[in-house]
Structures are given as structure tokens and as C-alpha cells.
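Here's a quick briefing for anyone opening this model for the first time. Have the sequence and the 3D view side by side as you read.

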Amino acid sequence: MLDEETPVLDNHLHLDPDNHRGIDAVKDFARLGGTHLLVVNKPSWHLGVEAETGEDFRSVFERTIEIVEEATQELEGRAWPVLGVHPGLISRLVDDRGFEPEEARDLMQAGLDVAAAYVADGEALALKSGRPHYDVSDAVWEASNEVMRHAFELGGDLDCAVQLHTEASEEMTTVAEWAEDAGMERHQVVKHYAAGRVEGPIPSVMSEKDRLERAARRGEPFLMETDYVDDPDRPGAVLGPKTVPRRVRWMLEEGYDEAVRTAHVETPELVYGIDTEATLERES
């Protein structure tokens with residue numbers, strides 16, 4: 001097991017209590033020494049929600065909050081919800097359901113407004129947005145950027161972080177500048193599924209050894225994640241829930257003690273304003 005004083009945070013994973021492992025995945029994480037989770041709602045259509053209005057996303061957010069409350073009971077620390085609208089929804093709306101890009105944009109922005117209300121009420125920690133990581137038409141790209149910038153406006157109003165699902169890129173200073181223009185701090189913008197470094201946002205690094213070494217050697221703020229999808233049809237799509245605690249143990253063995261503290265104590269405080277040490281209740 002890890003040292004009892006070491007918080008271990010997975011910054012981005014999904015849980016599906018109704019269709020797959022749910023709390024069993026949390027138990028795996030905790031058994032290996034994991035203490036804190038940021039649980040991002042699954043894409044709405046994965047939960048059978050084909051939204052017509054912003055309010056239609058509410059059931060997705062409510063179910064995420066419920067599973068987070070259950071997860072917290074299994075952890076020495078706690079879990080927090082991160083709520084938003086997956087950027088891939090725009091393609092489902094435009095390509096499969098016949099929406100115009102502007103109509104899709106408006107619906108997704110309305111969904112973000114509902115998510116933001118949970119942040120305002122203290123029921124969620126942060127927002128999730130972004131833009132497609134694959135080729136799309138110019139109109140869809142423009143609409144997606146407008147959705148993301150709306151998330152930044154909400155983040156600025158709420159003084160909360162925004163996690164981004166975007167294309168693979170290590171140069172995103174323009175995106176960070178958009179967030180600053182909307183009233184956010186640059187360090188409140190998080191690039192999910194990062195490769196070890198990102199210019200602009202804070203990288204949330206996929207917990208593979210080469211990526212983590214790169215992040216650790218930079219000496220800059222970063223987070224660790226698995227992007228566990230909890231999907232029985234995609235068991236090997238990303239990393240499993242045991243990965244972050246295993247990688248933290250490995251990093252400590254390799255002498256990356258300062259990087260572990262950066263990723264699991266200092267950066268969570270910087271980005272989200274959370275104290276992973278104060279919320280850690282280990283038995284003495």
C-alpha cells in the first residue's frame with residue numbers, strides 16, 4: 001500500500017452504476033491506495049438521453065452526483081462531480097439527428113447552463129466542455145468553439161475550472177487566452193488526456209509511464225488521470241481504475257516525490273481549490 005499520508009487523485013474517470021462496474025471500480029481504486037476522484041458524467045447518449053432541451057441533461061447530471069456520493073463512502077478521501085456536455089455530441093446532433101450546427105450549439109450551451117447551476121449550488125466542482133478531436137466541417141468547428149467559449153464564460157462567472165476534451169495538441173495558448181478573456185484564470189483550464197505537456201492549460205496526464213516521466217521532469221503543475229470509461233463494450237479502451245495508485249507507487253520508487261506532491265496536492269489546490277490532505281482521513 002501507499003504511505004498513509006499520500007493523497008492519490010484520479011482527475012478524470014467515468015462511472016456507470018447501471019450498466020457496468022460502478023462502485024466496484026471505485027473499490028479497486030481504493031484498495032490499491034487511491035483516495036480522491038473527479039468523476040465526469042458519461043456522454044449523455046451513452047445513458048440513453050437524446051436531449052432536445054438543456055433540461056434533458058439533468059438526469060445525466062443527477063445520476064453522476066448520486067454515484068459520486070456513493071463513491072465517497074468507499075474512499076479515505078472523497079469524490080467530486082465534474083459536469084458538462086461532451087463535445088462529440090455535436091456530431092451526433094448534426095450527422096445523425098439533422099440539427100444545424102447553430103441549433104446543436106444552442107442545445108449544448110443550454111446543457112452547460114444546467115451543469116453550471118450545480119456548480120453554483122455547490123453540488124459539482126467543475127465543468128467539462130471542449131471541441132471534437134477529429135475532423136469536422138468548418139461550421140461544426142466554429143459552433144464547437146462557441147460552445148467551449150460559453151463554458152469559459154460560465155467558469156469565469158462561477159470561478160470554477162473547466163476540463164477540456166479536445167484534439168491532441170501541445171500548443172493551446174489561444175484556448176487559454178479565450179478562457180482569460182472570459183474571466184477565468186489560465187490555471188483553471190485543464191487539458192484532459194494530455195501527453196505530458198501542454199502550453200496554455202494545465203495538463204491532466206494519461207497515467208502511462210512515459211507521459212508521467214515527461215510531466216515530472218518539467219517541474220510544472222500537472223494532474224494524473226485514467227479516463228476510465230466503465231463501458232463493458234470497450235474494456236481495453238483506456239486505463240483501468242487501479243492505474244493511478246499503481247503509477248504513484250512507481251513514481252515514488254523512481255524518486256519523483258516532488259512530482260507526486262505536485263499532481264495530487266498542489267495542482268488540485270491550484271486548479272480546483274480543493275485540499276486533498278485535509279479531506280484525507282486515514283486510520284492512525
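Is Glu70 buried, exposed or partly exposed, and what is its relative accessible area? Glu70 is partly exposed, at 36%, where buried means under 20% relative accessible area, exposed means over 50% and partly exposed is in between (1.4 Å probe, protein chains only). Before going on, note that this is a predicted model, where local features need pLDDT of at least 70 and side-chain atom pairs count only at pLDDT 80 or more, while totals for chains, interfaces and linings use all residues. Residues are numbered from 1 along each chain as its sequence is written, and side-chain values use heavy atoms, with hydrogens and water left out.

**The negative patch**

- Glu70 sits in helix α2; helices (H or I, at least four residues) and strands (E, at least two) are DSSP runs, numbered from the N terminus.
- Asp24, Glu62, Glu69, Glu70, Glu74, Asp121 and Glu123 make up a negative surface patch.
- Patch residues have over 30% relative accessible area and no salt bridge, with like charges joined within 9 Å and nonpolar side chains (Val, Leu, Ile, Met, Phe, Trp, Tyr) within 5 Å.
- Helix α2 gives the patch its largest share, four residues.

**Aromatic rings**

- Three aromatic pairs turn up in the structure.
- Rings of Phe, Tyr and Trp (its six-membered ring) pair if their centres lie within 6.5 Å; planes under 30 degrees apart count as stacked, over 60 as edge-to-face and the rest as tilted.
- Phe57 and Phe61 are a stacked pair because their ring centres are 6.4 Å apart and their planes are at 15°.
- Phe57 and Phe61 are both buried.
- Phe61 also pairs with Tyr118, this time edge-to-face, with 6.1 Å from centre to centre and 75° between the planes.
- Phe61 belongs to helix α2 (residues 58–74) and Tyr118 to helix α4 (residues 101–120), so this pair ties together parts 57 residues apart in sequence.
- Put together, Phe57, Phe61 and Tyr118 form a cluster linked by ring pairs.

**Salt bridges**

- Side chains of opposite charge can pair when their charged atoms come close.
- Searching the whole structure gives 20 salt bridges, each one a side-chain nitrogen of Lys or Arg within 4 Å of a carboxyl oxygen of Asp or Glu.
- One of them joins Glu52 and Arg97, at 2.9 Å from N to O.
- That pair links distant parts of the chain, 45 residues apart: Glu52 is in the loop between β2 (36–40) and α2, and Arg97 is in the loop between α3 (89–96) and α4.
- Glu52 counts as exposed at 54% relative accessibility, while Arg97 counts as partly exposed at 26%.
- Arg58 and Glu55 form another salt bridge, with their closest N and O atoms 2.7 Å apart.
- Arg58 is partly exposed at 28%, and Glu55 is partly exposed at 46%.
- Glu167 and Arg131 meet at 2.6 Å, N to O, and both are buried.
- There's also a salt-bridge network that links Glu170, Arg197, Glu199, Arg214 and Arg218.

**A look at Val85**

- Val85 is found in the loop between β3 (79–84) and α3.
- With 2% relative accessibility, Val85 counts as buried.
- Val85 and Gly54 are 31 residues apart in sequence, with 9.9 Å between their C-alpha atoms.

How values were computed
Areas by Shrake-Rupley, 256 points an atom, 1.4 Å probe, with all protein chains shown as cover. Lys, Arg positive; Asp, Glu negative; His and termini not counted. Charge placed at Lys NZ, Arg CZ, Asp CG, Glu CD.
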